[in-house]
Amino acid sequence: MTTTEAPGSHTTEPAPVFEHLSVLDLFKVGIGPSSSHTVGPMRAASDFIQQASANGSLDNARRVQIDLFGSLGATGSGHGTDIAAMLGLSGYAPDTVETASIAPTIERIREREELVLAGTHAIPFNPGRDTIFRPLTMRPEHPNAMRLTLYDAAGEVIETAGYYSIGGGFVMRHDEGDVLTPVPAPLERVREMPYPFTSGDALLAHCKSSGLSIAELMLENERAWREPEQTIEALRHIWQVMCDCVDAGISVDGILPGGLKVKRRAKAWHDQLLAREADPGRKPGEDRLDGMEWVNLFALAVNEENAAGNRVVTAPTNGAAGIIPAVMHYYDRFVHKPESDADGLPWGVRFLLTAGAIGIIIKSNASISGAEVGCQGEVGSACAMAAAGFADVIGASPEQIENAAEIGIEHNLGLTCDPVGGLVQIPCIERNAMASVKAINAARMSKHGNGSHHISLDTAVETMRATGADMSDKYKETAMGGLAVAYVEC
């Protein structure tokens with residue numbers, strides 16, 4: 001693969017944000033190992049090829065070039081960004097592609113040196129020549145940048161577009177005149193949101209004036225896109241995909257791809273826990289930390305599936321995909337009682353709605369992108385969201401929920417993103433397990449208080465943004481600092 005590097009400057013301006021966010025923007029079904037480096041680029045490439053088809057450019061296309069800038073250029077190979085772009089150009093989408101078909105598809109492209117655009121137009125394609133990694137070229141709006149270009153037989157450009165993958169699978173198109181537009185375009189709203197908010201203070205004020213819980217308020221806002229029954233069904237599906245992911249993770253062992261030879265642990269760990277529970281000589285309650293062991297297992301299972309490139313839910317990103325499912329599984333296994341389903345909402349739906357509210361606040365004021373603010377934006381955000389969701393389903397008030405989210409993010413401030421080998425494996429997999437336990441603890445701590453605390457969620461989120469702006473690029477998913485360079489493979 002060709003690597004072309006050109007020095008550039010990296011600004012610290014906040015990422016572009018969407019005017020309105022739905023809970024289903026935060027929770028999206030996709031594939032591993034990264035929402036910003038895999039899901040986002042795949043969506044961008046799919047959008048590009050749809051635009052090219054609509055403009056009539058495919059008939060004259062003879063070559064395509066993929067340029068990956070900044071963090072996408074630095075760790076794109078380990079994160080499968082080049083593979084994601086090829087899949088998107090071939091007409092695949094991250095939420096529907098069959099994961100078992102990915103490897104054979106890429107193998108055919110490489111063997112035949114041919115890419116079938118949109119699944120219909122075959123052109124010559126050499127991955128080593130036509131995919132260019134530019135890790136030192138930083139685009140001003142966001143470190144995760146890419147450009148796709150189609151050429152005709154004479155070598156003239158017939159279609160080109162720039163994209164930013166801004167975390168969590170969110171993609172912005174860079175149009176003429178430096179205009180950034182969401183991909184896909186925002187849905188038409190039935191009506192304005194009844195309770196718009198982008199801050200914790202505004203969210204709590206709405207809850208106080210309306211008498212609604214955070215989950216109920218979120219469900220009312222979701223009417224801007226769809227009826228409540230549709231939102232509930234969609235969130236049920238999200239929870240089911242999370243469950244399927246855990247089931248898959250505890251069913252498979254072996255070595256994760258990428259060259260680090262990281263061994264899957266979830267299956268053996270699950271077998272050991274089941275054997276211990278079945279031991280007739282074991283006394284009930286003998287180990288009061290049983291629950292924590294299961295939380296660790298659930299998180300490992302999800303993130304091993306993510307590292308393997310399999311089906312996961314961005315929650316809010318792939319790198320932090322195991323935290324919310326692990327906490328939800330903990331609640332389901334150790335805490336949940338049927339009568340705890342309040343207000344007619346299934347507990348899983350309540351959990352995700354409340355967690356989504358916190359995710360909206362974080363994304364609106366800071367970032368969920370490790371390439372922009374470090375892992376505090378991924379694992380920190382997921383920890384805060386999981387803490388809020390768990391606090392809700394154990395009966396916390398809106399003020400206590402806001403406190404839980406603040407604790408979750410406060411104690412992840414400064415967390416760097418320094419993946420060894422550019423892979424979402426070390427320290428990412430274990431980091432999800434640690435943050436899952438932290439989220440549960442944050443919720444339980446908040447439940448013992450009355451919701452009042454010195455540092456607000458809004459202050460913690462702003463601190464995360466400022467900390468990310470101050471953080472060296474070495475610690476923002478570039479694999480150029482921290483553990484990524486401290487680890488020496490023997």
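A479 is partly exposed, with a relative accessible area of 22% (buried means under 20% relative accessible area, exposed over 50%, and partly exposed in between, using a 1.4 Å probe and protein chains only). A479 also has a positive phi of about 60°, although it is not a glycine. This is a predicted model, in which local features need pLDDT of at least 70 and side-chain atom pairs count only at pLDDT 80 or more, while totals for chains, interfaces and linings use all residues. Residues are numbered from 1 along each chain as its sequence is written, and side-chain values use heavy atoms, with hydrogens and water left out.

**Backbone features to look for**

- A479 sits in the loop between helix 18 (457-470) and helix 19 (483-486); helices (H or I, at least four residues) and strands (E, at least two) are DSSP runs, numbered from the N terminus.
- Most residues other than glycine have a negative phi, and most peptide bonds are trans.
- A118 is a non-glycine residue with a positive phi, near 55°.
- The peptide bond from A315 to P316 is cis, with omega near 0°, and P316 belongs to the loop between strand 11 (311-314) and helix 12 (323-335).
- I426 and P427 are also joined by a cis peptide bond, with omega about 5°; P427 is in the loop between helix 16 (398-410) and helix 17 (428-447).

- The chain is assigned domain 1 (34-183) and domain 2 (200-224 + 226-277 + 285-486), with bounds that come from an automatic or database domain assignment.
- Taken over C-alpha atoms, the centres of domain 1 and domain 2 are 29 Å apart.
- In domain 1, 26 residues are in contact with 24 residues of domain 2, where contact means heavy atoms within 4.5 Å.
- Between them the two domains bury about 1,600 Å², 56% of it on carbon and sulfur atoms; buried area is the accessible area (1.4 Å probe) that two parts lose on being put together, summed over both.
- T75, H79 and T99 supply 22% of the area that domain 1 buries against domain 2, more than any other three residues.
- Zero salt bridges are counted between domain 1 and domain 2 (a salt bridge is a side-chain nitrogen of Lys or Arg within 4 Å of a carboxyl oxygen of Asp or Glu).
- Eight residue pairs, both at pLDDT 80 or more, are in polar contact across this interface; a polar contact is a pair of N or O atoms within 3.5 Å, and within protein one must be able to donate a hydrogen and the other to accept it, while residues adjacent in sequence count only if both atoms are side-chain atoms.
- On the side of domain 1 that touches domain 2, helix 2 (35-54), helix 3 (70-79) and strand 8 (157-167) each supply at least two residues.
- Helix 3 gives the largest share of that side, five residues.

**Buried spots**

- Helix 4 (residues 81-89) has eight of its nine residues buried, so it is largely enclosed by the rest of the structure.
- Among the buried residues of helix 4 are T81, D82 and M86.
- G91 follows helix 4 and has a positive phi, near 105°.
- R350, in helix 13 (residues 347-365), counts as buried at 7% relative accessibility.
- The R350 side chain makes a polar contact with the side chain of D392 (2.8 Å).
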